[in-house]
Amino acid sequence: MSADPAELRAPISLTDAELASQFARLIGEDSVLLDATATADAWVGPQRARVTVRPRSTEAVATVLRYCDERRIGVVTQGGLTGLVHGAVTEPGQIVLSTAAMRAIESIDAAGRTLRAQAGTPLQQVQEAADAEGLLFPLDLGARGTATIGGNISTNAGGTQVLRYGMARGLVLGLEAVLADGTVLTSLNRMLKNNAGYDLKQLFIGTEGTLGVVTRAELRLMPRPASHDTALVSLSSFEALLQLLAALESRLGANLASFEVLWPEFYELTTTAPAKQRPPLPHGAALYALIDAQGPDAGQDSERFLTVLGALLEARVIDDAVIAESAAQRQQIWAIREDVWQTSRAGPAFMFDVSLPLGEMQGYVAQLRRAIALRWPQGQVFVFGHVADGNLHLAIAVGSRDAETRRVVETRVYEPLKAIGGSISAEHGIGLEKRDYLSLSRTPAEINTMRRLKQALDPNGILNPGKVFPVSQPASGQE
């Protein structure tokens, strides 16, 4: 659709019904919802969306964005709505672009180990399609049944197997995205090596829908492991935890896929009724580690896994261990780690996702606990995370979730990270929630460059307005 020059004034005021009617004319009545209810993310209650469009193709996405760009209408792209940083929240005057109608797996190349999926395809659907071909799509996280590939890409999702397979960025070979003005960039590269000019897909991975809308992706698959060994161990100290990790990395090598650590408060919460799981190891340890190894030789890999754990038990690096003897037992152990929602039993909780050097982790957690206890003696801090990749997740309950309390808790979580070279976001992105703290992890020159990219690709500021940094702060030509 080409707009008449007289229409390129901003903004054009239409009622919701009129706007919905325009989109229905452009992309079909069955692709438009008026005044729909949608949850903005996993920790935000239901929101009313002015108008929700559900394009069924890249061309329809381009049509919507072109129309909105010409009329300066803000567009918030929503996928599975499992985010935790208010990255899909809408404001008055903005519309929702949902990828719910774009959930097809278009092709699988088993020989080349690639899979092409539309942006709204749930992660679990991609995993299952790969598995049916005897292959593995290794990106994995607790919300796999709801989180979408487009959302995973836009936040550069990490998950539980980063240690072996890396972040989402390393699993995307190519993608298709639509710019704010409706320009379609199709670069569905299927090769691991392609240095022909700029790698434009990187503009859309981890940028939270602020530079363009991902519509399709070419994903990298891996051989399905022949062995899969899982254990839960208890430890007496953080020093013992570091010894354990070093030993596993040395003796298991690339087979070590996951190394999840649960601090005792979190472990006790997720293994005590009304939680469904029961403690496979007694409560009372200083730390618990969930170890997951995958490899090419079922017999030898499992034997080595048992041998390594036995030696670590004998050396008293670990105090106790339980090893999964079936897929069902493996799922039960992982359910303890993934039952994050149990933290709500402590009252309204704030969730955080940070990263920091391993050597700083013990001191950071201790400092944070002291800071929370000093202000809220009855406050509770639950700590868990991937740890081996420096990623900690925190759930902090202090009895209230009002804006003032949130601000005080956030400063206690984020401000110490600057001095130790940590990051305010390990894998969840910035969204609205972390926007005011971006300068703790990025330099002024970096932030200014981000703004310049935003200005270049989305000059009218219609894509996910206000996320990552305020729209009121344009880029300058200077750094």
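Two strands count as paired if DSSP finds at least two bridges between them. Helices (H or I, at least four residues) and strands (E, at least two) are DSSP runs, numbered from the N terminus.

This is a predicted model, in which local features need pLDDT of at least 70, side-chain atom pairs count only at pLDDT 80 or more, and totals for chains, interfaces and linings use all residues. Residues are numbered from 1 along each chain as its sequence is written, and side-chain values use heavy atoms, with hydrogens and water left out.

**Exercise 1.** State the order of the open sheet of seven strands and find its edge strands.

Step 1. The order is E15-E12-E14-E13-E17-E18-E16, and the pairing is antiparallel.
Step 2. Strand E15 (320-323) and strand E16 (349-355) each pair on one side only, so by this they are the edge strands.
Step 3. From one strand to the next, the twist averages 15°. Axes are lines fitted to C-alpha atoms, for helices over the stretch in contact, and angles run from 0 to 180 degrees between N-to-C directions.

**Exercise 2.** Describe how strand E13 is joined to strand E14.

Step 1. E13 (residues 256-262) and E14 (residues 287-295) run antiparallel and are joined by six bridges.
Step 2. Opposite Val-261 stands Ala-289 in E14.

**Exercise 3.** Which strands does helix H8 lie across, and which does helix H11?

Step 1. Contact means heavy atoms within 4.5 Å.
Step 2. H8 (residues 298-314) lies across strand E12 (227-235), E14 and E15, and runs at about 10° to E12.
Step 3. H11 (residues 403-419) lies across E16 and strand E18 (391-397), at about 15° to E16.
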